[in-house]
Amino acid sequence: MIDVSNSKKGASLDSKIFWPSVIIIIALCIPFALYESSSVDLLNGIFDVIVNNFGWGYIWYSIILVGAGFYIAFSKYGKVVLGSPDDKPQFSMFEYASILIAMGLGSTIMRTGMMQWASVAINPPFGVEPLSNEAIMWGNPYGMFLWSLQTFAIFVMSAPAMGYILHVRKRPLLRISEACRCVLGDKFTEGIGGKILDILFLVSIVAGAGCTLGLGTPIVTTLLSKMFGLKITFGLTLIITIVWIIAFTASAYLGIEKGIKRLSTFNMYLAAAFGIFVLLVGPGVFILNHFTDNIGFLLKNYIDISFYSNSLGAGAGYIQKYTVFWFAYCATWALLHSVFAATISKGRTIKEMILTYFFAPLFLSWVATGILGGLSINRYLTGAVPVLDIVQNGGGSLVAIGEVLASLPMPYVAMSVFLFVTMVFLITTLDSTTYTIAAYVSTDDMSKNEPSQNVRLITCFMISVFALVLMRIGGLAPLEVVSGLMGIPIIFVQFITIYAAKKMIDEDKAWIHNIRK
């Protein structure tokens, strides 16, 4: 267990990677803010080239990671304990899974779970007629596919290397460059190459965190507008964002035990209560029937979706293009998820870490999609809410979410709980992100201490100011695309860390000496 008592309050920031990352982010934001429309057009053009020419690469990348995950988990490497063989896990399995779920899903599941099906129904794959029942049937299964093995393999497969250097080799610095040392060598790790790797990590994660905060706020403001007739202004957005900032700053400041763990487990109970509420007061029988259909449909078509490149189509379809963007965007977050998973996995075997991250968030996301998406589809099919018309012509998916929730009995209760779950999901994502960045830039010994509280506060401040400035002057849209594009170099780093984990374990013969007796 990390010795929280030794966690100093004084700042111990590595300025050689922290400040260059801040400068690069500012340099990226200025042109995006000044020329947002042209920036989006340019970046989308670049991304279209990537989709059309290298989409196959992202497909194989995600599938290879799934294969690597199962191989490592069920081979001799999976038996290795992250720590000493007699170390006990810091968290119970429920607490451990809850923390990984909160980090892995975030508030995004509340939006994709309810409305992803609509985009698929409007732009279905495999020549299916748009807006037909067959097109609607593709919707929820594709939403579940986005939260399946490929996504969580991308998130977790650098974690064995990070966990090994932290808990077994007891390296003081929790850095990607440190995890790659056994492959790239001491000269690279301690030189400019290592600094570039670490700066790349920070730039991608801070940009992603700022986008997450900025893009999560409209869900709340739209629902508040629906509930109370408020006008959506920057002032309202600012108030909501400040509430979020205070909450995730407090949680990150308290640390894993007192803040992140408690908030994550509480949110699991709250999300479960909301799901039961929807089943009881909403079309519960339809949701359960449709969820059953969804599972069968997804399992039947999982291979087709996983390998779908639309090679005979006239152009990139929605599913092909969005899947590539999704995997690219997930790659941007991959190292963050792996670093965080490593910090909380002391006492766990590599197998436990990989399989928990594979299946715990997958289970919750499939259930959430089945319930929320099933509710939304039912409202469309019964004519209670013209969901697809709203998505296409009436303000987009966020407006549709409000209308669907308002169609339930006790609409204010439904919208209030949905809002609260969404906010807590975002808070748990951002507090985990903040904690991880703070641990990453700290010069303290992370194998013994938590990052200092002042470093956590500095990190919270940086993410908050970054998000607020972007929301005020514009620039979120192009930066979101940039976040996806930045996943490209991180993919190569991921494969290096996977090889590094294997090499370190083989060098130490940890599959003999570092396993549970």
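The lining of the second largest pocket holds 21 nonpolar residues, two polar ones and no charged ones. This is a predicted model, and the values here are computed from it.

Follow H18 next, to its contact with H17. Helix H17 spans residues 397-406, and its axis comes within 8 Å of the axis of H18. Two packed helices are described by the angle between their axes and the distance between the axes. For H17 and H18, the crossing angle is roughly 135 degrees. Angles over 145 degrees would count as roughly antiparallel, and 65 to 115 as roughly perpendicular. H17 and H18 are therefore oblique to each other.

The side of the contact that belongs to H17 consists of Ile401, Gly402, Leu405 and Ala406. These meet Pro411, Ala414, Met415 and Phe418 of H18. By class, the contact of H17 with H18 has seven nonpolar residues, one polar residue and no charged residues.

Is His290 buried or exposed? Its relative accessibility is 8%. Buried means under 20%, so His290 counts as buried. Beyond its neighbours within four places in sequence, His290 is in contact with Met137, Asn140, Gly374 and Ile377.

How many cavities of 30 Å³ or more does a search of the whole structure find? The search finds two. The second largest cavity holds about 30 Å³ of space.

Phe18, Ser21, Val22 and Ile25 are among the residues that line this second largest cavity. Leu202, Val206, Ile437 and Met462 also belong to the lining. Helix H1 (15-34) and helix H11 (192-228) each supply at least two of the lining residues. H1 gives the largest share, with four residues. The lining of the second largest cavity divides by class into seven nonpolar, one polar and no charged residues.

Terms used:
Residues numbered from 1 in each chain as written. Predicted model: local features only at pLDDT ≥ 70, side-chain atom pairs only at ≥ 80, totals over all residues. Heavy atoms only, no water. Nonpolar A, V, L, I, M, F, W, Y, C, P; charged D, E, K, R; others polar. Axes fitted to C-alpha atoms, helices over the stretch in contact; angles between N-to-C directions. Parallel < 35°, antiparallel > 145°, perpendicular 65-115°, else oblique. Contact = heavy atoms within 4.5 Å. Buried < 20%, exposed > 50% of the residue type's maximum accessible area, 1.4 Å probe, protein only. 1 Å grid on protein atoms, 1.4 Å probe; cavity = no way out; pocket = protein on both sides within 12 Å on 5 of 7 lines; lining within 4 Å. Points joined across faces, edges and corners; volume = space filled by probe spheres on them.
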